[in-house]
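Subject: Structure for you to look at

Dear colleague,

I am passing on the structure we spoke about, and below it you will find my notes on a few residues and the contacts they make. Please read them with the structure open beside you.

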Amino acid sequence: MIKNAVTSFKPAFANVFRDKVNFILSAIPVLIGIVLFILLGSWVYGDLMEQARGLVSQYVSDGAFGNFIAYITIMVMTVLLYFIFSWTFVLIVAVISSPFNDVLSSRTEKILKGEALDTLVESFSLVGQSFVGTIVNEIKKVTLIIILSLISLVFSFIPILTPLSVFITVLLLAVQFIDYSWARHGLTFKSCFKDMKSNFVDYGLGGGFFFLLVSVPIINLVVPPVATSYFTILWVKNNERRD
């Protein structure tokens, strides 16, 4: 139901920022992300852009028209680089934060169901126990998402398929965070596909919202924890009858 998608936004933010343990689980990856953003951002928009400008100047002739073409080319490259960097950066942060988000998702579901919660020490113990396994699984998931995103990018060059390309990208973003609930409940691929098919409007709406946030620097750092909280809440609401 689309109602569940809309009403899950407010509690998703509250779940991250009002619960002390959830906030700490979310803050650590965000702080790591800020450091990475500074390091990678300075390289991408510094050295890499300078190399790109130098490469363009080598193949574009001097003169007013040549300068105009160079300007347009660099502008397009800057925009493309911005979106590629934002999307890639969020995926990198998602991998780093996956052990924390896995525990965050579990705590979120327990809160919704009124179950006993782990303490901060117990939560960090769970993060440590599943750290390597969760990172490996997240890398596999992100690799698949990148492959499917490249296929989606090819679709985007065909005007009639551009809306489909955007929708696929949005759903892939949603799947990245719904997967914590799917994995925790041991859903098979068939069950996951069925859940996606039954709730693709809800997941599309949520994915679209976070897709917009991905393009906003610094704000995109909070996407992994808040999106994890949101899609866990949404999944529980859509599967309340599940044991």
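Please keep in mind throughout that this is a predicted model.

I begin with S26, which sits in helix 3, the helix that covers residues 20-59. With a relative accessibility of 4%, S26 counts as buried, because the limit for that class is under 20%. Leaving aside residues up to four places away in sequence, S26 touches V16, L104 and P225. A polar atom of the S26 side chain also lies 2.8 Å from the backbone oxygen of N22.

N220 is counted as buried at 3% relative accessibility, and a polar atom of its side chain is found 3.1 Å from the backbone oxygen of V214.

K3, by contrast, is exposed, with a relative accessible area of 56%, and it belongs to helix 1, made up of residues 2-7. Although K3 and L234 are 231 residues apart along the chain, their C-alpha atoms are separated by 10.0 Å.

Turning to the charged side chains, the count comes to 4 salt bridges. One of them joins the side chains of R107 and D19, with an N to O distance of 2.9 Å. R107 lies in helix 4 (residues 64-113) and D19 in the loop between helix 2 (9-18) and helix 3, so this pair ties together parts that are 88 residues apart in sequence. Both R107 and D19 are buried.

The other salt bridges I would point out involve E109, which is linked with K113 and R184 in a network. Between K113 and E109 the closest N and O atoms are 2.7 Å apart, and these two residues, 4 residues apart in helix 4, are separated by about one helical turn. Between E109 and R184 the closest N and O atoms are likewise 2.7 Å apart, but here the pair links distant parts of the chain, since E109 is in helix 4 and R184 is in helix 6 (residues 162-184), 75 residues away.

Definitions and conventions: Residues numbered from 1 in each chain as written. Predicted model: local features only at pLDDT ≥ 70, side-chain atom pairs only at ≥ 80, totals over all residues. Heavy atoms only, no water. Buried < 20%, exposed > 50% of the residue type's maximum accessible area, 1.4 Å probe, protein only. Polar contact = N/O pair within 3.5 Å; in protein donor to acceptor, adjacent residues only side chain to side chain. Contact = heavy atoms within 4.5 Å.
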